[in-house]
Amino acid sequence: MPELASPARLTPALAIEGLAYSYPHAERAALRDVSLQLDPGELVLLAGRSACGKSTLLRAACGLVPHFHGGEISGRIEVAGIDALEAGPGKLATAVGYVAQDPETQVVSTTVKAEIELPLEMRGDPPTSRARAVEEVALALAIPHLLDRTVDTLSGGELQRVALAAALVTRPQLVLLDEPTSQLDPVAGDELIWLLRRLNEEWGVTILLAEHRLERCLAAADRVIAMDGGAISFDGSPRDFLAWAQESDPALETPAARLFSLVGLDPLPVGVRDARQTLRERGLR
Amino acid sequence: MRSPFAYMPRPGPLQAASPSAAVAYLGSLVVVAFLYSNALVLAAAGAAAIVVGLLAGARRAVRAALWMGLTLALLIVAINAVVVDRGETVLARLGDWPLLGPVNVTAEAVAAGAVLGLRAAVVLVIFAVYSACVDPDRVLRALRPLAGRSALTATLVSRLVPLAAADGSRLRDAARLRGPAAAPVGRAPLARRLLAGSLDRAVDVAATLELRGYALDAPRRSSARARSRYDARFYAMGALVLAAAVAGKLAGADAFDFYPTLEIGTGPGTVALVCVLFLSGFAPLRRSRSATTPVALSEASRA
């Protein structure tokens, strides 16, 4: 007999409808008529040039916009069935985790253990279950050795993993990441992306990841959403995104895709494995 | 390099005490510093703060605060000596200055500036001891019932100093790395940049705190961890200092006049208050190192 899906699984992790938003005293809107839906378990890459509205969209999805930043907003945002415009970031914290660009602004405690434990403590979890959850997330992110360190002794990559652990420790349905690799070296950045993919597959957590260095993330993504001027300009698979970027927004093309299109190779590669396979098929490797 | 003002877990009664107890005691010294103008009383409060800091192991914080306090005090003395010309004992006549007119430096104005500077230095030392010895994580948790709806307030209270300390260290490094040919970066622009940057980052940290559920109406568990066996000592010492300060004020222990001539009150009330203040600085003293260290250590680690 087939297993019945629970109501929570049927609820979209994020549903946005007709969202428009302007920061206080801003002359133009940061978001314009944004509508999208993220299903549970998806890993979605949010692409776009600087100031196109990626960060604002993420902030709206976790309730910081408008509850923390102010401004004018219209439309509808639901995170795991919770109305984000009514609930605010505190209530949404039970369903959504957020990791920002600068790992240092995401640290509120002195030690790593206290930092990861904080969201559980705020939720009122008993100490035993807090300790278990901290250990589980530390193991998943390969940071058990950092637990007793103070946060000011960590490197940028370690700090980013700690911030991710603090965002994941409550097992939220949705995790939002705003350019989490921007301050990491290429190796640490790649490691973080594939760690996210693994968590996405193993824990079933939905991930919305805003990134500039798309070549790093395309292969890990199920879907790509591109933004331009505060509106969604593309929503589809990574391979379709490459074809679209080539036609409509060459600035978003990955270096490998640009190279392939220059020499007339098809299909455009989503990742290294993809590129290698195409080259092999063409007898070029 | 770690800032001298950054909190460092150490096995001491002040670190083991709950934030409210530590704040009650250190706050009582701040109250004295603002309530009194008598130089002897201010010096006693400063001495108490220094002794507290040294006994709590915050030697670097005390030394840095003293250095900053001394610089600030000298600046205040210089400004007060130039802008205030009250007092009968003229030390120097500096002639006519633009905007200020005739400038006479009087001994009384210098003394008044010195008292203001001393007050600023005492408050700086107290805050340095607070910052280096009171765990900001525990302050954050202690503030939750009071400022549960304002993550920004909680962040500013508990994280601004650590953030400013980290930023300051980075800004100093960046200034050094500009090379010998670059124009030197003055302290004032550095301090301005530091304050602006720290406030910006405190707002970001406050946003993170909101996202961690700080404003949630979660059940607040009263835990033994929040209390310490040293709490009573610091509460009692804070109450004693406050009571002595109020009683001293009523009994005229604050007698200290700058103008027209300098008069320092050294009556029995003042002397008694000075003794109470200075002795209160020994509050973090442990009875016997060997007998209490394991307990203090475990309390500090639990904290």
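**View 1. The six-stranded sheet of chain A.** In this predicted model, six strands of chain A form an open sheet in the order β6-β7-β8-β3-β9-β10, with mixed pairing. Strands here are DSSP runs of E with at least two residues; helices are runs of H or I with at least four; both are numbered from the N terminus. Two strands pair if DSSP finds at least two bridges between them. The edge strands are β6 (96-99) and β10 (231-236) of chain A, and each pairs on one side only. From one strand to the next, the twist averages 20°. Angles run from 0 to 180 degrees between N-to-C directions, and axes are lines fitted to C-alpha atoms, for helices over the stretch in contact.

Residues are numbered from 1 along each chain as its sequence is written, and chains are lettered from A and ligands numbered from 1 in the order in which they are written. Local features need pLDDT of at least 70 and side-chain atom pairs count only at pLDDT 80 or more, while totals for chains, interfaces and linings use all residues.

**View 2. Strands β7 and β8 of chain A.** β7 (residues 174-178) and β8 (residues 206-210) of chain A run parallel. Five bridges join them. D178(A) has A210(A) of β8(A) as its bridge partner. Helix α10 (residues 238-248) of chain A packs on the sheet. This helix touches β9 (223-228) and β10 of chain A, and its direction makes about 130° with that of β10(A). Contact means that the C-beta atoms of two residues, placed from the backbone, lie within 7 Å.

**View 3. The hairpin of β9 and β10 in chain A.** β9(A) and β10(A) pair in the antiparallel sense, over five bridges. Opposite A226(A) stands F234(A), in β10(A). Two residues lie between the strands of this hairpin. G229(A) takes a positive phi near 60° there.

**View 4. The four-stranded sheet of chain A.** This open sheet has the order β2-β1-β4-β5 in chain A, and its pairing is antiparallel. β2 (31-38) and β5 (82-83) of chain A each have a single partner strand, so one side of each is left without a neighbour in the sheet. Five bridges link β1 (residues 14-22) of chain A with β2(A), in the antiparallel sense. L14(A) stands opposite L38(A) of β2(A).

**View 5. Helices α3 and α10 of chain B.** The axes of α3 (residues 39-55) and α10 (residues 268-280) of chain B come within 7 Å and cross at roughly 10°. That makes α3(B) roughly parallel to α10(B), a term for angles under 35 degrees. The crossing of α3(B) and α10(B) is right-handed: the near helix is turned clockwise from the far one by less than a right angle. Among the contact residues are L40(B) and A44(B) of α3(B), and L273(B) and F278(B) of α10(B). The residues of this contact divide into 10 nonpolar, two polar and no charged. Ala, Val, Leu, Ile, Met, Phe, Trp, Tyr, Cys and Pro count as nonpolar, Asp, Glu, Lys and Arg as charged, and the others, Gly among them, as polar.

**View 6. Where chain B meets chain A.** 24 residues of chain B are in contact with 20 residues of chain A. α6 (136-147), α7 (151-176) and α8 (187-211) of chain B each give two or more residues to this side of chain B. The largest share, eight residues, comes from α8(B). By class, this side of chain B has 14 nonpolar, two polar and eight charged residues.

Conventions. Angles under 35 degrees count as roughly parallel, over 145 as roughly antiparallel, 65 to 115 as roughly perpendicular and the rest as oblique.
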